[in-house]
Amino acid sequence: MSARDTATFDEPGPDATLGEVLLALGGRLTRLQTELLAGLDQPLTIRQYRILSRVGAGHTSLTALCKLAHRNPSTMSESVDKLVNQGLLSRRPSATSRRTMQLDLTARGVDARDAARRALDKFTAELTAGLTPEVRDQLLPTLSQLYHGVQGNLDDR
């Protein structure tokens, strides 16, 4: 049995390719982010945090949220309903179209979003604390390019 036979995208082996390491890193970061958000005073999922952040940034319609998240309306509606039931979002008819509902953060939603943002900021600062400025200067444009490339793949779907 070779090292390639036992390596997985969860645990890259010593001969892992760059792509395998990136997938493993993405999975590990998602797991840590999930645990961090779940441990807050107002526990959130990654999806809930993203919705709160996007509504706070002005994306207040279900259609806009679906487009940003690449999700279908029924999936997004279910997530939004949970946030409304938790008192983190409110819903009201849009001023421009009575058939469209506008979403707003409640005071609890702002607090939850801000607490999550602070926790994630602390996490990312700790994550990158050991990197030299030179390594950061090399990683940021490369990882940004990969991120935007992946985003383009989502947009094409």
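Helices (H or I, at least four residues) and strands (E, at least two) are taken here as DSSP runs, numbered from the N terminus. This is a predicted model, in which local features need pLDDT of at least 70 and side-chain atom pairs count only at pLDDT 80 or more, while totals for chains, interfaces and linings use all residues. Residues are numbered from 1 along each chain as its sequence is written, and side-chain values use heavy atoms, with hydrogens and water left out.

With that settled, the protein has seven helices and two strands, which follow one another along the sequence as α-α-α-α-α-β-β-α-α.

Turning to dimensions, the C-alpha trace spans about 60 × 35 × 30 Å along its principal axes. The radius of gyration, taken over C-alpha atoms, is 19 Å, whereas a compact globule of 157 residues would have a value near 15 Å, by the rule of 2.2 Å times the number of residues to the power 0.38. Of the 157 residues, 21% count as buried, meaning under 20% relative accessible area with a 1.4 Å probe and protein chains only, where exposed means over 50% and partly exposed lies in between.

Finally, I would draw your attention to His70, which sits in the loop between helix H4 (62-69) and helix H5 (73-85). Most residues other than glycine have a negative phi. His70, although not a glycine, has a positive phi of about 55 degrees, and at 29% relative accessibility His70 counts as partly exposed.
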